[in-house]
Amino acid sequence: MRGFGDRVFRWQLTAAGVTVLAIMAAVGIFLLLRATAALRVTGFSFLTTAQWQPDVHHFGIAAVLTGTLLIALVAVAVSFPLALGTALFISDVAPRGLRRTLVAMVDLMAAVPSVVYGLWGLFFLQTHVIGLSRWLSQWLGWIPFLHVDGAQPGEPLASSSVYTASTFVAGLVVALMVAPIQCSVMREVFAQAPVGEREGAYALGATRWGVIRSVVLPYGRGGMIGGTMLGLGRALGETIAVYLIISPVFTIQPHILQTGANSVSSLIALHYGDASDFGMSALMAAGLALFLLTLAVNFTASSVVARSRSGAQSEA
């Protein structure tokens with residue numbers, strides 16, 4: 001039989017879980033009620049319309065939702081290898097003294113306010129990344145999403161304004177914001193890889209990379225997936241940094257190197273102050289769509305992690 005302390009602990013955990021679910025349900029219900037007026041007017045076209053003119057009842061999230069996904073995908077594509085390499089270096093390569101310093105630095109990066117990242121990206125990173133954008137456009141412009149309309153990459157005196165305020169720049173900034181979170185999750189999982197399996201691999205003649213490949217990475221697969229999806233959820237909802245960098249456009253813009261981008265969160269931040277009652281309902285509908293998208297990402301991540309539990313198997 002369970003003791004009294006065990007029963008109390010179980011009740012506390014159950015109450016905490018129910019409270020979290022109740023808060024999530026309350027947020028969803030609130031957004032749905034506030035968005036009802038706008039959704040009744042637009043119906044399904046809310047998902048297919050790119051323009052945002054709620055005062056004339058012509059609005060939708062096709063453009064901003066596409067921009068949100070593109071910024072988040074660029075961010076994850078950059079942050080995943082950065083976080084993975086940093087986590088492996090801290091957990092398996094760095095000396096013990098340096099390891100503590102690196103952990104503190106990564107945690108400090110996660111604590112930096114998003115507005116600081118946004119200002120840094122706007123005034124520093126954007127200027128220095130234009131050359132990379134031009135190079136990618138010149139040599140890889142045949143790939144549709146790397147093509148830039150109106151670009152003259154072979155002309156050294158051509159205007160660089162076509163590469164500024166782009167999805168690529170915003171994605172790089174968001175990548176640096178979510179990488180510390182991903183790195184922390186991966187690092188904690190990698191550090192828990194069984195010592196016996198590590199020593200067994202070394203005893204069989206494995207190199208350090210062999211131990212990482214055959215023991216650490218298989219054991220940490222669930223943590224890698226979970227950390228990546230956690231970063232993706234953060235990237236989808238990032239507001240201030242993206243708002244400061246992008247130049248909002250209300251067309252579906254798949255060219256990530258080209259100026260002009262948008263996101264649901266920056267749309268809400270841009271129009272919240274001057275929105276009419278109906279415009280506020282439209283913004284709540286956009287927020288509801290982002291809320292549901294984030295939930296879908298998190299539930300997908302949970303199901304994937306559940307099927308690839310860390311430590312379930314290794315190749316050692």
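# Notes on a predicted model

1. Let's start with Glu238, which counts as buried at 7% relative accessibility. The cut-off for that word is anything under 20%. Keep in mind as you look around that this is a predicted model. Where does Glu238 sit? Find the loop between helix H8 (221-237) and helix H9 (240-245), and you have the place. And which residues does Glu238 touch, once you ignore its neighbours within four places in sequence? The contacts are Ser114, Val174, Met177 and Ser265.

2. Now zoom out. The chain has 11 helices and 2 strands. Taken along the principal axes, the C-alpha atoms fill a box of roughly 70 × 60 × 30 Å. Of the 316 residues in the chain, 43% are buried. If you take the contacts with a separation of 6 or more, 75% of them join residues 24 or more positions apart.

3. How confident is the predictor? The average pLDDT over the chain is 90, and 94% of the residues score at least 70. Residues 311-316 are where I'd be careful: there the pLDDT is below 50. In the model this stretch has 15 contacts beyond near neighbours in sequence, and I'd read them with that score in mind.

4. Next, the aromatic rings. The structure holds 4 aromatic pairs. Take Phe46 and Phe59: are their rings stacked or edge-to-face? The ring centres are 6.1 Å apart and the planes meet at 75°, so this pair is edge-to-face; the cut-off here is an angle over 60 degrees. Phe46 belongs to the loop between helix H1 (4-42) and strand E1 (52-53), while Phe59 belongs to strand E2 (residues 58-59), so the pair ties together parts that are 13 residues apart in sequence. Both count as buried: Phe46 has 4% relative accessibility, and Phe59 has a relative accessible area of 1%.

5. Phe59 has another partner, Phe278, and that pair is edge-to-face too, with 5.7 Å from centre to centre and 80° between the planes. Here the link is between distant parts of the chain, as Phe59 in strand E2 and Phe278 in helix H11 (residues 277-307) are 219 residues apart.

6. Which residues of H7 are buried? The list reads Gly210, Val211, Ile212, Ser214, Val215, Val216, Pro218 and Tyr219. What do they pack against? Helix H2 (62-93), helix H5 (167-191), helix H6 (195-203) and H8. Within H7, look at Pro218, which is buried at 5% relative accessibility. Its C-alpha atom is 9.6 Å from that of Phe190, a residue 28 places away along the chain.

7. For a helix pair, I'd show you H2 and helix H3 (residues 96-111). They pack at an angle of about 150°, and their axes are 9 Å apart. Is the crossing left-handed or right-handed? For H2 and H3 it is left-handed. From H2, Thr86, Phe89, Ile90 and Ser91 come to the meeting; from H3, Leu98, Arg99, Leu102, Val103 and Val106 do.

8. Last, two backbone angles to look up. Most residues other than glycine have a negative phi. His57 has a positive one, near 60°. His57 lies in the loop between E1 and E2, and at 46% relative accessibility His57 counts as partly exposed. Ala165 also has a positive phi, near 50°. Ala165 is in a loop as well, between helix H4 (114-140) and H5. Is Ala165 buried or exposed? With a relative accessible area of 10%, Ala165 is buried.

Methods: Residues numbered from 1 in each chain as written. Predicted model: local features only at pLDDT ≥ 70, side-chain atom pairs only at ≥ 80, totals over all residues. Heavy atoms only, no water. Phe/Tyr/Trp six-rings, centres within 6.5 Å; stacked < 30°, edge-to-face > 60°. Helix = DSSP H or I, 4+ residues; strand = E, 2+ residues; numbered from the N terminus. Buried < 20%, exposed > 50% of the residue type's maximum accessible area, 1.4 Å probe, protein only. Contact = heavy atoms within 4.5 Å. pLDDT = per-residue confidence, 0-100. Axes fitted to C-alpha atoms, helices over the stretch in contact; angles between N-to-C directions. Left-handed = near helix turned anticlockwise from the far one by under 90°.
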